[in-house]
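Subject: Model handover

Hello,

Here is the structure for your files. My notes on it follow below.

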Amino acid sequence: GEAIYQIGVEDNGMMAGLNDDELHASLGTLRRMANRLGAGVSILRRCSVESDTAEAAKYTAEVLVRKVPNDQKFLDVRVAVLGAVDGGKSTLLGVLTHGEMDNGRGRSRLNLFRHLHEIQSGRTSSISHEILGFNSEGKVVNYSEFRSAEEICESASKLVTFVDLAGHQKYMRTTVYGLTCYRPDFALLVVSANAGLIGTSREHLSFAVALGIPI
């Protein structure tokens with residue numbers, strides 16, 4: 001499992017901050033605790049805390065603690081990608097998993113399509129899988145650096161498997177099949193900035209709620 005710790009933040013959410021020595025000591029304690037559990041520690045971000053007084057600079061830190069179970073090589077999270085047709089689901093996944101920005105004409109989504117009619121229409125009609133990995137330091141591991149899914153799995157300590165589902169009303173049965181049979185841990189609802197929550201987006205949202213899938 002994994003956990004994110006906020007160091008220098010009080011229980012009520014106020015950013016009190018710690019000076020350099022205090023922060024270093026707190027991080028050292030956290031690393032010793034994690035080492036005893038066989039877990040890894042990585043600092044996600046470090047922020048300075050503004051103060052009206054003339055005190056020494058204070059900081060907060062967001063720290064990721066992750067432990068992969070002994071019987072697994074990595075943590076695996078399945079995410080179903082939902083949304084209406086032409087909402088940008090496949091384009092978004094293409095950018096995330098291949099590390100390349102889209103050219104505005106859907107080039108990034110071509111890496112995800114499996115059938116000729118999908119390439120010609122620009123619309124997903126089947127269930128496809130794409131992976132996005134993170135190493136022990138929380139850095140992205142994707143196809144921009146590795147050529148195959150096997151290499152990504154070997155280098156990642158956490159893997160997010162995206163289940164790209166069809167958005168067209170014609171393929172609604174395929175989408176329902178993907179939600180019920182692949183048992184995703186979470187659902188990602190992609191909403192077009194131009195059109196908003198319309199069409200099958202509302203139906204996809206109701207399916208996820210009915211199945212108890214966190215969105």
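A residue is called buried under 20% relative accessible area, exposed over 50%, and partly exposed in between, with a 1.4 Å probe and protein chains only. This is a predicted model, in which local features need pLDDT of at least 70 and side-chain atom pairs count only at pLDDT 80 or more, while totals for chains, interfaces and linings use all residues. Residues are numbered from 1 along each chain as its sequence is written, and side-chain values use heavy atoms, with hydrogens and water left out.

Overall make-up

The chain has six helices and eight strands, in the order β-α-β-β-β-α-α-β-β-α-β-α-β-α from the N terminus. Both kinds of element are DSSP runs numbered from the N terminus: helices are H or I with at least four residues, strands are E with at least two. Of its 215 residues, 37% are buried. Among contacts (heavy atoms within 4.5 Å) with a separation of 6 or more, 64% are between residues 24 or more positions apart.

Salt bridges

The whole structure holds four salt bridges, each being a side-chain nitrogen of Lys or Arg within 4 Å of a carboxyl oxygen of Asp or Glu.

- Lys158 and Glu2 pair at 2.4 Å, N to O. Lys158 lies in strand 7 (residues 158–164) and Glu2 in strand 1 (residues 2–7), 156 residues apart. Lys158 is buried at 16%, whereas Glu2 is partly exposed at 36%.
- Asp20 and Arg46 have their closest N and O atoms 2.6 Å apart. This pair joins helix 1 to strand 2 across 26 residues. Asp20 is partly exposed at 42%, and Arg46 is partly exposed at 47%.
- Glu62 and Arg45 have their closest N and O atoms 3.5 Å apart. Glu62 is in strand 3 (residues 58–66) and Arg45 in strand 2, 17 residues apart. Glu62 is buried at 16%, but Arg45 is exposed at 51%.

Salt bridges also link Glu2, Arg66 and Lys158 in a network.

The loop at Ala39

Ala39 sits in the loop between helix 1 (20–37) and strand 2 (40–49) and is buried, with a relative accessible area of 12%. Beyond its neighbours within four places in sequence, Ala39 contacts Ala34, Val65, Arg66 and Lys67. Ala39 and Arg66 are 27 residues apart in sequence, with their C-alpha atoms 5.5 Å apart.

Regards
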